[in-house]
Amino acid sequence: MQWETVIGLEIHTQLATQSKIFSGAPTRFGAEPNTQACAIDLGLPGVLPVLNAEAVRLAVRFGKAIAAEVAERSVFARKNYFYPDLPKGYQISQYEFPIVGEGRVEIVLDDGTVKEIGVTRAHLEEDAGKSLHEDFHGLTGIDLNRAGTPLLEIVSEPDMRSSQEAVAYARKVHQIVRWIGISDGNMQEGSFRVDANVSVRPLGTATFGTRAEIKNINSFRFLERAIQFEVERQIDLLEAGGRVVQETRLYDPDRDETRTMRTKEEANDYRYFPDPDLLPVEVDAALIAAATADLPELPDAMRERFREDYGLGEYDANLLTASRDLAGYFETVAQTSAEPKLAANWISGDLAAALNKAGLEITASPVTAPQLAGMIRRIKDGTISGKIAKQVFESLWNGGGDADTVIETQGLRQITDTGAIETLIDTIIAANPGQVEQYRAGKDKVFGFFVGQVMKQSQGKANPQQVNDLLKQKLAGG
Amino acid sequence: MHEQNILALADDLRTRRYSSVELTRHYLERIARLNPDLNAFITVAAEPALAAAGRADAALAAGTAGPLTGIPIAHKDIFCTQGLRTSCGSRMLDNFIAPYDATVVERLAAAGAVVLGKTNMDEFAMGSSNETSWYGPVKNPWDHTRVPGGSSGGSAAAVAARLCAAATGTDTGGSIRQPAALCGITGIKPTYGRCSRWGMIAFASSLDQAGPMARSAADAALMLQAMAGFDPRDSTSIDTPVPDYTAGLNQDLAGLRIGLPKEYFGDGLDARTAASIDGAIREYERLGARVSEISLPNSPLSVPVYYVVAPAECSSNLARFDGVRYGHRCEAPRDLEDLYQRSRAEGFGPEVQRRIMIGTYVLSAGYYDAYYLKAQKIRHLIAEDFKRAFTQVDVIMGPSSPTTAFPIGAKRDDPVAMYLSDIYTIATNLAGLPGMSIPVAPVDGLPVGLQIIGNYFEEGRLLNVAHRLQEETHWHCAVPTGCA
């Protein structure tokens, strides 16, 4: 039987506020346990939450960035359950009335096609603390530094049909939250966590299969692997005549498998009800205007513009809009050099490879955008060849100054003087009568030998087109 | 000294007839003598009180004193007090010392009041008789075999027995007004949002409100003046100016429109209590008020609605008491489940456990709409009743409690009978309105409370209405035998 995979994602992204969502405690990562938890975060008796306005502003920004309706009135609710790292015995979240309603994002698939993924809602909530099972013999330590950290939970429609689409969507959301400055998206630090709802159904059926939810995936690679494993597990189960059980599972990257965490029967009844300690959140037009006034051009719009303005393909345009910094770098190079295609090739080619190898972000690139543009201008005007350019690029990477300096000091200027090239060719023809004979006897392959010789003699600087043309003339003319 | 009201005490302190330290010492001596029997205090804070009194004397000498400077008061043990145990009447918090002051505590301290200690209360403010306290029942100073009412029974008894000049209380369904009535003192539950809830241990967040318990409306006005006002730490606190309550006390009552809800005078109201209320109403007529009958048709639903809403909120509010971070923890827990179950089973008394279970039930999947949601809708209707009534009348009057103080133990095993003690007070909490109880003519030597309900933020009017009666009558001046 042919199976179809159905995936929906719930993404928890940490909002980039200075303080927690309901207290003034700082949100800095990596502090000593329980040094960033105040009385409110600890859930001491008599304390009360006060909403952080910045968290609301950032949620509004996200809503507008995905073309969603921002609710004029949203309501915080309590999600009640007992857990040692949940100090109040409830998590303050939003339930019936989330701040962000339906929206959509576009993903670009590997073949360049664009697919729209629906966002059901996004709501504000507080994070819980962390249970520490290591370093405590027979005990569990509780670190409440993370308790009360503002999260935006972004819930998608079950619109994805493969692990690749799910990863593309997660990457897209990751791109957006960083792009509009609402989250640092740091996955190692838990600022961007994904829960995947995965089910399979016979291809062509309309109803969904029973889903399993894989919790707390913190890398795109793990997301892909977890979904792949889960899809295979469900298909194997169904094909063997079994039944998928609705449950929560965990992905274990060491063993590359998902495991049962709790079944539906063990699930909590969260007893949601509106939090009487907090007033409904009212968002008016003025607040939306203030929150979105400095919203940058969004990645989808920029991708389209790159296609139109710079003549890039969907794939390149998507790649170069992966982050605002990268897109900005590209635009500088493209505009300064007036060679957008060359700029795109160099950035997604040699520069990306070098950055990747050195483990650097584009913002830390040793080759600045003006430097790269300067080099591309010299390719364009024929001062250097594409091949020599690789040598120039390496010098730029190693701090050799701007492209012109590198070209001059290392004598890399292309030889375009016809006379000089002719002299070279004449010398080589004279020195290799045998090969000349062979060429004239119709052995065309020998032509490459002459090109090679000329380039070698010129240390690669002779203009390859001129070399070609002149060689053909000379060898023919003999 | 203990027979003086706050205004007289303040005068004496200012004129140096005696110092705040002397006054405080006098009250501490009274507590030492009378409290072992009454059990009104859970914690007496003699040393910090004397230290505060010393500071008050310095302020009095420096001429920077306010009306409450050096006045000895007590806080209900629901208000967090930095460095001083806050038990909330529960074994669960028997070992809890808060690292902060409640806003109300902070404000009264800033006004110069001296805190003698923390008063007894029903556990987590759940009760109408003070019998659910882990620290044992409080006795009614008027009759030691009877309850003082609850949940602010310790504060009411302490004020009635002259163990402090005034005290703080909290009122979720009548917990200031009912004990004030049963102990013969004056108590006011302000509009929801008038006093900050920061640092006040939550029972039912949407109903809880702090207020003063005092010997007279004039004293209550001074206390409320210090307690009320916007607090950015409480999102439900309301940012509206606090009027000068004392300045408004003497306004003439001619033309005051008093509404008597027929639902508050029906079956279940003790006939002699009703007669006592009638006597007070006649006094108001004599002062120029016009009395008419009104109807609050949904008020019979207020008890059932309350016993859905309040337990629902309390089941969630009390979830933090889990034995993990502070408070009672059971001995040698086997695992997490055991830690939770035994810590909570040992830490909470039966009434608290009953309400947590009711609340958990009404919020459960499949029952939420039928109970919680429906209760919220009726709550809205109850508020609408009042809104309509206040287009016709200025204040609403009736009994604070259907009976006088009942014997200790009489209703202990009948929770529904106990819940009906608050039948006249609960609706105002559900609507968020201010309500007050003042002493009127006693029945068989036991106090009776007249309840006065006003429109939102009309605490000033309630105090004025109460004060004018207290100017004309002496019911509020009666002192229990042995406490004079």
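1. Two strands count as paired if DSSP finds at least two bridges between them. In this predicted model, strand E5 (residues 186-189) of chain B and strand E10 (residues 435-443) of chain B meet that criterion, with an antiparallel arrangement over 3 bridges. Within this pairing, B:Lys189 is set opposite B:Gly435 of E10(B).

2. Confidence. The model has an ipTM of 0.96 and a pTM of 0.91. For chain B the average pLDDT is 97, and 100% of the residues reach at least 70.

3. Overall form of chain B. Chain B contains 15 helices and 11 strands. Its radius of gyration is 21 Å, close to the 23 Å given by the globule rule for 484 residues, so chain B is as compact as a globular protein of that length. The C-alpha trace of chain B extends over about 65 × 50 × 45 Å along its principal axes. Of the 484 residues in chain B, 61% are buried. Among contacts in chain B with a separation of 6 or more, 76% are between residues 24 or more positions apart.

4. Strand E6 of chain B. For B:Thr186, the bridge partner in E6(B) is B:Ala214. A general point applies when such strands are inspected: in a regular strand the side chains alternate between the two faces of the sheet.

5. The E10-E11 hairpin of chain B. E10(B) pairs in the antiparallel sense with strand E11 (residues 446-454) of chain B, over 7 bridges. One of the bridge pairs links B:Val440 to B:Val448 in E11(B). The hairpin has 2 residues between the strands, and B:Asp444 adopts a positive phi near 50 degrees there.

6. Domains of chain B. The domain assignment gives domain 1 as 6-256 + 393-477 and domain 2 as 300-376. The C-alpha centres of these two domains of chain B are 27 Å apart. Their contact involves 28 residues of domain 1 and 23 residues of domain 2. On the domain 1 side, helix H13 (415-419) and helix H14 (426-431) of chain B each contribute at least two residues, and H14(B) has the largest share, with 3 residues. By class, that side of domain 1 consists of 17 nonpolar, 8 polar and 3 charged residues.

7. The interface between the chains. Contact between the chains involves 36 residues of chain B and 26 residues of chain A. Helix H9 (302-317), helix H10 (336-347) and helix H11 (350-363) of chain B each provide at least two residues of the chain B side. The most comes from H9(B), which gives 3 residues. The side of chain B that touches chain A comprises 21 nonpolar, 8 polar and 7 charged residues.

8. A sheet in chain A. Three strands form an open sheet in the order E4-E3-E14 (chain A), with antiparallel pairing. Strand E4 (90-94) and strand E14 (273-274) of chain A are its edge strands, each pairing on one side only. Strand E3 (residues 76-80) of chain A is joined to E14(A) by 2 bridges in an antiparallel arrangement, with A:Ala77 opposite A:Pro274.

9. Backbone geometry to check. Most residues other than glycine have a negative phi, and most peptide bonds are trans. In chain B, the peptide bond from B:Gly150 to B:Ser151 is cis, with omega near 10 degrees; B:Ser151 is located in the loop between strand E3 (114-119) and helix H5 (153-160) of chain B. In chain A, A:Arg271 has a positive phi near 45 degrees and belongs to the loop between strand E13 (257-263) and E14 of chain A. A:Gln459 has a positive phi near 55 degrees and sits in the loop between helix H15 (446-457) and helix H16 (464-477) of chain A.

10. Burial of the two chain A residues. Are A:Arg271 and A:Gln459 buried or exposed? A:Arg271 counts as buried because it has 25 C-beta neighbours inside 10 Å, and the cut-off for burial is 20 or more. A:Gln459 counts as exposed because it has 11 such neighbours inside 10 Å, and the cut-off for exposure is 12 or fewer.

Note on methods
Residues numbered from 1 in each chain as written. Chains lettered and ligands numbered in written order. Predicted model: local features only at pLDDT ≥ 70, side-chain atom pairs only at ≥ 80, totals over all residues. Helix = DSSP H or I, 4+ residues; strand = E, 2+ residues; numbered from the N terminus. Contact = placed C-beta atoms within 7 Å. Nonpolar A, V, L, I, M, F, W, Y, C, P; charged D, E, K, R; others polar. pLDDT = per-residue confidence, 0-100. Rg over C-alpha atoms; globule rule 2.2 N^0.38 Å. Domains from an automatic or database assignment.
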